[in-house]
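Subject: Structure handover

Hello,

Here is the structure I promised to pass on. My notes follow below it.

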Amino acid sequence: MKAITFEQFGPADVLNISEVADPQLRPNDLLVRTRAAGVNRADLTHRRGGYGRPDFGDSTIMGLEIAGDVIAVGENVKGYNLGDRIMGIVGGGAYAEMARIDYRMAMPVPEGMDYIHAAAITEVFVTAHEALIHLGKLKPTETVLIHAGAGGVGGAAVQLAHATGATVITTANAAAHDLVRRLGADHAIDYVTEDFSEVVASSTDNKGVDLILDFIGAPYFERNVNALNFGGRLVQIGIMGGIENAKIPLDRVLYRHLQIIGTVMKSRSQEVKHEMSRRFKECWLTRFGKDGLSPVIDSVFPLAEASKAHQRMEDGLNVGKIVLTM
């Protein structure tokens, strides 16, 4: 089969399309003819050498989410048959014509949805649900601040928070404000020209928000803590801005009874990942489709142009998900 490979770590142009061996079916696997694969920032880290030469459980080939057709079923698999249209998170191997996936990480493609949109759901929406609902305990009466609301996980989180009934504040470049409002944001903050902590204070009568989802890290940390209401929760879901010199206003944490929670999917055990996928599937899968939840697609590239897809994400040009098609 054809797959994206690279001989050395480096910039986007190290990626090549090559012939590699087909994946071997294991007892708990579905073997899938991949139709589309989502591109994630973790793929860029993989390419640059941030994980070494990893095997995340399914393959050393790049890529974490797929949509396609089941072409073989392992002996322990329950609930799936040949020809089923599935989507899900894989432990590597998405950038290829075939991939294997633990059936407990798979879920049916919503009726009427194409493979491109299906390939853009699981990584971002499972992550968003885990941060917002399972860990963040967001309630319909609360207010949430979601940073990077025009990004993949951020955009998914804005949709889920809106569907939950919460008041949604998000940060995004001014050019993306119309988009985040369509996704469900009640207030959009331009992170380039505005200080989000000041806007939060003014829009909440200085009470602060009940929950914050942050991808940035150290540059936002102190302001995030200061922007939380009594009993507020900060869920740290990324560190795109780095980890150095993060200031913690401990008095604020103490006297406001705040919680700071970290989460990342990649390093969790397979059993925990199964539960994360199950929770999302049971809560939200039927909500996708016409007039419901939907991933935001930025652009689509053929597999052979994976390097162009990476470069677009690396340059910060994408608003929503980038998808590869086979």
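Leu145 has Ile169 as its bridge partner in strand S9. Leu145 belongs to strand S8, which covers residues 143-146. S9 covers residues 167-172. The two strands run parallel, and 4 bridges join them. Strands count as paired if DSSP finds at least two bridges between them. Helices (H or I, at least four residues) and strands (E, at least two) are DSSP runs, numbered from the N terminus.

Before you read on: this is a predicted model, in which local features need pLDDT of at least 70, side-chain atom pairs count only at pLDDT 80 or more, and totals for chains, interfaces and linings use all residues. Residues are numbered from 1 along each chain as its sequence is written, and side-chain values use heavy atoms, with hydrogens and water left out.

**Around S8**

S8 also pairs with strand S11, residues 209-214. That pairing is parallel too, over 3 bridges. Here Val144 has Leu211 as its bridge partner in S11.

Which way do the S8 residues point? Thr143 and Leu145 point one way, Val144 and Ile146 the other. All of them are buried. Buried means under 20% relative accessible area, exposed means over 50%, and partly exposed is in between (1.4 Å probe, protein chains only).

S8, helix H4 (residues 152-164) and S9 form a right-handed β-α-β unit. Right-handed is meant in this sense: with the strands pointing away from the viewer, the path from the first strand over the helix to the second runs clockwise.

Leu211 lies in S11. Its relative accessibility is 0%, so Leu211 counts as buried. Leaving aside neighbours within four places in sequence, Leu211 is in contact with residues including Thr143, Val144 and Leu145. Leu132, Gly136 and Leu138 are also among its contacts, as are Leu228, Arg233 and Val235. Contact means heavy atoms within 4.5 Å.

Thr171 sits in S9. Thr171 is buried, at 2% relative accessible area. Its side chain makes a polar contact with the side chain of His147, at 3.1 Å. A polar contact is a pair of N or O atoms within 3.5 Å; within protein, one must be able to donate a hydrogen and the other to accept it, and residues adjacent in sequence count only if both atoms are side-chain atoms. Neighbours within four places aside, Thr171 is in contact with Leu145, Ile146 and His147, among others. Ile189, Tyr191 and Phe196 are also among the residues in contact with Thr171.

Asp69 lies in strand S4, residues 65-73. Is Asp69 buried or exposed? Asp69 is buried, with a relative accessible area of 13%. The side chains of Asp69 and Arg35 make a polar contact at 2.7 Å. Not counting residues up to four places away in sequence, Asp69 touches Leu31, Val32, Arg33, Arg35, Asp84, Arg85 and Tyr115.

Phe56 is in the loop between helix H1 (41-48) and S4. Phe56 is partly exposed, at 21% relative accessible area. Not counting residues up to four places away in sequence, Phe56 touches Tyr51, Leu64, Gly91, Gly92 and Lys266.

**Two positive phi values**

Asp205 has phi near 55°, a positive value in a residue other than glycine. Asp205 lies in the loop between helix H6 (196-203) and S11. Its relative accessibility is 64%, so Asp205 counts as exposed.

Asn245 has phi near 65°, also a positive value in a residue other than glycine. Its loop runs between strand S12 (228-236) and helix H8 (250-255). Asn245 counts as exposed, at 71% relative accessibility.

**The cavity**

A search of the whole structure finds 1 cavity of 30 Å³ or more. A cavity is a set of points, on a 1 Å grid over the protein atoms alone, where a 1.4 Å probe fits but cannot get out; lining residues have an atom within 4 Å of a point. Grid points are joined across faces, edges and corners, and a volume is the space filled by probe spheres set on the points. The largest cavity has a volume of about 60 Å³. Helix H3 (122-135) and H4 are the elements that give two or more residues to its lining. H4 gives the most, with 4 residues. The lining includes Ala120, Phe125, Gln159, Pro295 and Lys321.

Best wishes

Definitions and conventions:
On a 1 Å grid over the protein atoms alone, a cavity is a set of points where a 1.4 Å probe fits but cannot get out, and a pocket is an open set with protein on both sides within 12 Å along at least five of seven lines; lining residues have an atom within 4 Å of a point.
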